[in-house]
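Please look over the sequence and the model, and then follow the paragraphs below, which go through the structure one region after another.

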Amino acid sequence: MVVPSSFAAGAGDPPPIPGARLGSTDARVRPLLLWVRAGAAHVRLDGGPVLQLKAGEGAWIPADGWAERAITTEPGTVAFPLWPHASVGAWGLSELTRFDVPSGWQDWLIQLFNLQVTPFSGRGYSPKAIEELLRRPGSRSPVPVEVGRNPTSEGFASPAMPQARGARAVAEELIRDPALDLTVEQWASRVLFSARTLRRDFLADTALTFEQWRLLCRLGAAVEFLAAGYDVDQVAARVGFASRNGLTRAFKGRFGLTPHEFGRELSARSGGGLTQRAAAARQTDDLIRMMRKMDTPAAPEMLPAASTPSHTNDIHVLSWMYRGSGYLDIGDQRYERERGVATWIPAEMEHVTGLRENSVSLPLGNASTGDLQLTVPLQVRFSPAWDDYLMFCSISARSGLRPDDHNPRHILDLFAEQVAAQRALSVPMPTNPRARAVAMECLRRIGEPGGTHDGDVRAEIHRAFRDETGMTLGRWRYAARMRIARDLLAGGAPPSAVARRIGYAHLPTFSAAFSRFHGLSPRDYQQRESERNQ
């Protein structure tokens, strides 16, 4: 099934890509592989010389031993930060190292970023399967870690996610990289909350202290890496334990098996299959071998199919198909996702997101249920000219590499404006090439006060508008603005924000113009649409 709320190819050109920097906290707590797809990046360690990276180049940036790390990108740059996994320590990469990325690997690296920041996984083990394995007949009963009597302390289960915004942001980052070793105070500073609030929210939402929650998160990741065949020392380093002894004590206290016993029994019973984290670990191993020029592996001929487990989000998630095709299953309905299509996945709906072979998607951002009213998937198609900009949006949304003035709501506004501009194309368009070009320019500049001035337009174009649309240019522009305003209001945007987006400096002026066109005030129109959708 194709999503009914989908629209034609993206209107207008993408905005310019600003420069970005990796936050100091993100830059120092873990090693990093930085790959530049387009533009240029600069890396400086401990005040030393600047390493300049151009498109097609990457750098291994070590984590420890540097007093200062500065990682910046120039305007127009798309650079992917990729976090190495379990076995990187075995390669002894303790220095800043530049490497080239063959073109055949580039989409593979984009998909690796996707695997690191989303719940996508390929075939193989799932947390549920591992839980059943640990509970199989003949194995020792898992012993709960000392976290009190609560649902997450029985058997193998991922800890419940906190719902409060700051705590959830911390939890999501730890799920992506359990080895991050920040204090509660440092985490609180990152998410702009107090340490006291962060601790309170973890306890209230999960019945676990922050430290208890992080321990369960690390142990869950340890199970996945052990299942993938990594040795205990590698797993301990990857999930944040200072030594194998610390991991062994915690693992046995929770599961009744040492990590070595678990890995040995699992390898004797299983074949193939990797979780998302373990698959990303193996893929990063290949990348590091390539970087060190040790028998550069050939890029896979086909990117494998992937899917998420069935799950529910408490926020709306925007996902964009960069390559190939995929699908979104909600209940018994399948919504197709094609190349270039960005899809808002509604909150609070159980769903599965899938990618077919040789396909890549990227998350562009999130929206709360207060910011966006959405009960069915909503789609918009972007032209290939938007690829680099949308990749930049994904990187900014899901990593610390972002502009200093990054606004998480930007993608919500961008999507709404793109949808609105495309819907406005249903306004009668002139067929005269010059008049049509003026119409498209009006749509691109619809949010600028004044927009295109009638006095700047030649008389023949005015005639074309009157003859071919039945409206003067001024009336046509007014109709387009009001159509966009209507769609933005129906999507839940407040009237004051709608007024600004379509170029009105003052809300009363916009309200009067909207009322003349639609016969309802903006608030009355929005209320009517809200009641219709209930």
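Which residue just after α9 takes a positive phi? In this predicted model, that residue is Gly256, whose phi is about 80°.

Helix α9 covers residues 244-255, and because its 12 residues should span 16 Å at 1.5 Å a residue, the 16 Å found between its end C-alpha atoms agrees with expectation. Within α9, the buried residues are Gly246, Leu247, Ala250, Phe251, Arg254 and Phe255. Seen down the axis of α9, these buried residues fall within an arc of 125°, so they line one face of the helix.

What does α9 pack against? One partner is α7, whose axis is 11 Å from that of α9, the two helices packing at an angle of about 95°. Since angles of 65 to 115 degrees count as roughly perpendicular, α7 and α9 are therefore roughly perpendicular to each other. On the α7 side the contact is made by Leu215, Leu216, Leu219, Ala222, Val223 and Leu226, and on the α9 side by Leu247, Ala250, Phe251, Arg254 and Phe255.

Helix α7 itself runs over residues 210-227, and its 18 residues reach 26 Å from the first C-alpha to the last, close to the 26 Å expected at 1.5 Å a residue. Of these 18 residues, 15 are buried, so α7 is largely enclosed by the rest of the structure. Just after α7 there is Gly229, which takes a positive phi of about 100°.

Helix α2 (residues 106-117) packs with helix α12 (residues 387-398) at an angle of about 30°, and their axes are 11 Å apart. As angles under 35 degrees count as roughly parallel, α2 and α12 are therefore roughly parallel to each other. The crossing in which α2 passes α12 is left-handed. Ile110, Phe113 and Val117 of α2 make the contact together with Met391, Ser394, Ile395 and Arg398 of α12.

The other pair consists of helix α14 (residues 433-444) and helix α15 (residues 459-469), whose axes come within 9 Å and cross at roughly 85°.

With a relative accessible area of 62%, Glu348 is exposed. Asn358, in the loop between β14 and β15 (360-367), is likewise a residue other than glycine with a positive phi, near 65°. Asn358 has a relative accessible area of 21% and is partly exposed.

Other loop residues show how positions separated in sequence are placed in space. Val376 is found in the loop between β15 and β16 (378-381), where it is partly exposed, with a relative accessible area of 40%. Although Val376 and Ala347 are 29 residues apart in sequence, their C-alpha atoms are 9.4 Å apart in space. Pro304 lies in the loop between α11 (276-291) and β9 (306-307), and with a relative accessible area of 48% Pro304 too is partly exposed. The C-alpha atoms of Pro304 and Leu355 are separated by 8.5 Å, while along the chain the two residues are 51 residues apart.

How do these regions sit within the chain as a whole? The secondary structure of the chain comes to 19 helices and 17 strands, and of its 534 residues 52% count as buried. Among the contacts in the chain with a separation of 6 or more, 75% are accounted for by residues 24 or more positions apart.

Methods. Residues numbered from 1 in each chain as written. Predicted model: local features only at pLDDT ≥ 70, side-chain atom pairs only at ≥ 80, totals over all residues. Heavy atoms only, no water. Helix = DSSP H or I, 4+ residues; strand = E, 2+ residues; numbered from the N terminus. Expected span 1.5 Å × (residues − 1). Buried < 20%, exposed > 50% of the residue type's maximum accessible area, 1.4 Å probe, protein only. Arc of directions from axis to C-beta. Axes fitted to C-alpha atoms, helices over the stretch in contact; angles between N-to-C directions. Parallel < 35°, antiparallel > 145°, perpendicular 65-115°, else oblique. Left-handed = near helix turned anticlockwise from the far one by under 90°. Contact = heavy atoms within 4.5 Å.
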